[in-house]
Amino acid sequence: MPRAVTLIRSASLSDVAEYAYAATAPPEARLIFAAGACPLNADGSTAAVGDYAGQAAKSVENLRTALADAGAELSDVISTRALVASTRQEDLVTAWQVVRDAFGEHDVPSTLMGVTVLGYHDQLVEIEAVAAVLD
């Protein structure tokens, strides 16, 4: 199946970032706006309490499920935002590495943010995504 997402890399910007700086989708693409994927188990409890990497992994797993239910997969994602409840850069990097590894070579434009608090009890990570598919 042809992909709708085209990643754009800039030779004018630093190559330190582990993601493309922009992405596009053609006019005929259907956009999917995923709610922030949280590290919640099926029973609503928070997974991997106190573990940034574990919560990032569960959030990615839940994101995959939400995308699949909408007819998409990680390779259809056009941008992400990872929210990490911490003021420590190393915690953000720990969570980011899990997210980055999940996307592999599909290095979509992304924003990594440290935030004060997230919505669920003991929640440390949340991942938002927008995907584009050709039906």
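**View 1. Strand β4 sits among the other parts of the chain.** Seven of the nine residues of β4 are buried, so this strand is largely enclosed by the rest of the structure. Here "buried" means under 20% relative accessible area, "exposed" means over 50%, and "partly exposed" is anything in between, using a 1.4 Å probe and protein chains only. Helices (H or I, at least four residues) and strands (E, at least two) are DSSP runs, numbered from the N terminus. What you see is a predicted model, in which local features need pLDDT of at least 70 and side-chain atom pairs count only at pLDDT 80 or more, while totals for chains, interfaces and linings use all residues. Residues are numbered from 1 along each chain as its sequence is written, and side-chain values use heavy atoms, with hydrogens and water left out.

**View 2. Strand β4 pairs with β5 and with β6.** Two strands pair if DSSP finds at least two bridges between them. Strand β4 (residues 77-85) runs parallel to β5 (residues 110-115), with six bridges. Look for T80 opposite S110, and for A85 with its bridge partner V115. With β6, strand β4 is antiparallel, and seven bridges join the two.

View 3. In the whole chain, the order from the N terminus is β-β-β-α-β-α-β-β, which gives two helices and six strands.

**View 4. Nonpolar side chains gather in a core of 32 residues.** A nonpolar core is a set of buried Ala, Val, Leu, Ile, Met, Phe, Trp, Tyr and Cys residues joined through side-chain atoms within 4.5 Å. In the largest one, the residues that touch the most other members are L63, L67, V77, V99, F103 and V125. Two or more residues come from each of β3 (30-37), α1 (52-69), β4, α2 and β6 (125-133). Strand β6 gives the largest share, seven residues. In soluble globular proteins, nonpolar side chains tend to be buried together.

**View 5. V99 meets residues from elsewhere in the sequence.** Which residues does V99 contact, leaving aside its neighbours within four places in sequence? They are A56, V60 and I127. Contact means heavy atoms within 4.5 Å.

**View 6. G71 lies in the loop between α1 and β4.** Not counting residues up to four places away in sequence, G71 touches R30 and V133. Now find V84, 13 residues from G71 along the chain: the C-alpha atoms of this pair are separated by 27 Å.

**View 7. Two loop residues, A48 and D122, have a positive phi.** Most residues other than glycine have a negative phi. In the loop between β3 and α1, A48 has a phi near 50 degrees. In the loop between β5 and β6, D122 has a phi of about 65 degrees. Are these residues buried or partly exposed? A48 counts as partly exposed at 30% relative accessibility, and D122 counts as partly exposed at 37%.
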